[in-house]
Amino acid sequence: MGWACPSSTTQPWNHLQADVIVRGYGGYNSRWALFLLHHIFPLISTEPPVATTVFFGANDAALLGRRSEKQHVPVEEYKENLQKIVHHLKERSPNMLVVLITPPPVHEEGRREYFRSTGEVVELPERTNEITGVYAKQCLEVAKDLGLPSIDLWSKMQEEEGWQTKFLSDGLHLTKEGNAIVYKEVVRVFSEAGFCASEMPLDFPHHSKIDGKNPEKAFQQQQCSSI
């Protein structure tokens, strides 16, 4: 799990309304992310992001003494790491919208089935839904303490029957439907904060505004309006 740092929301076709940068590092936890913080978000920048999502916890919640223990981060440290990330982002741009996203739920039997499919026998899953829920709660508490919007993905997904296989491909990673929930929730939170794609200006004219015989006119008008 990682973070995304969009300039704001954008429509997926025709014209650009924002530059959306996705920064995901496979297997990373919040502890390792701190080593990248100044690299991805340098404090000196002419154009800092106007909005950022922070999405950690699934790897931090790996259990000690089990297969993925090197990813484990104690829950209190996880909470402190989120605070450090937010403080750094706000230092870079005080007006930046920062949204915290909880880890998704974990389907323990799905994890066992996944490892069996690879030929590896794992008696105890390296993560549990109960412990992941503890990390999700801490994520929400950080957001509340810092006055930030948040997305409770852990709870949201479990509201639907059959979430274990509908939203998770291997008990941990998201399916197409699982990613669709993340997208829907991010768009909702961004819209509530005033970043609504339909109301944002386009970077260049819509094709309907371009005269095929005199195309430069539309681009000249766009340049004048942006001055």
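**Helix H5.** I am working from a predicted model. I began with the length of helix H5, residues 129-146. Its 18 residues, at 1.5 Å a residue, should span 26 Å. I found the end C-alpha atoms 26 Å apart, so the length agrees.

Next I looked up which H5 residues are buried. The list is Asn 129, Thr 132, Gly 133, Tyr 135, Ala 136, Gln 138, Cys 139, Val 142 and Ala 143. What covers these buried residues of H5? The cover includes helices H3 (75-92), H4, H6 (153-158) and H7 (163-166). It also includes strands S4 (97-101) and S5 (150-151).

I then checked the residue just after H5. Gly 147 sits there with a positive phi of about 70 degrees.

**Helix H3.** H3 has 18 residues and should span 26 Å at 1.5 Å a residue. Its end C-alpha atoms are 26 Å apart, so H3 agrees as well. The buried residues of H3 are Tyr 78, Lys 79, Asn 81, Leu 82, Ile 85, Val 86, His 88, Leu 89 and Arg 92.

**Phe 115.** Is Phe 115 buried or exposed? Its relative accessible area is 2%, and the cut-off for buried is under 20%, so Phe 115 is buried.

I listed its contacts, leaving out residues up to four places away in sequence. Phe 115 touches Arg 67, Glu 120, Val 122 and Glu 126. Last, I took a distance: Phe 115 and Pro 125 are 10 residues apart in sequence and 9.3 Å apart in space, C-alpha to C-alpha.

Methods:
Residues are numbered from 1 along each chain as its sequence is written. This is a predicted model: local features need pLDDT of at least 70, side-chain atom pairs count only at pLDDT 80 or more; totals for chains, interfaces and linings use all residues. Side-chain values use heavy atoms; hydrogens and water are left out. Buried means under 20% relative accessible area, exposed over 50%, partly exposed in between (1.4 Å probe, protein chains only). Contact means heavy atoms within 4.5 Å. Helices (H or I, at least four residues) and strands (E, at least two) are DSSP runs, numbered from the N terminus. The expected span of a helix is 1.5 Å times one less than its number of residues.
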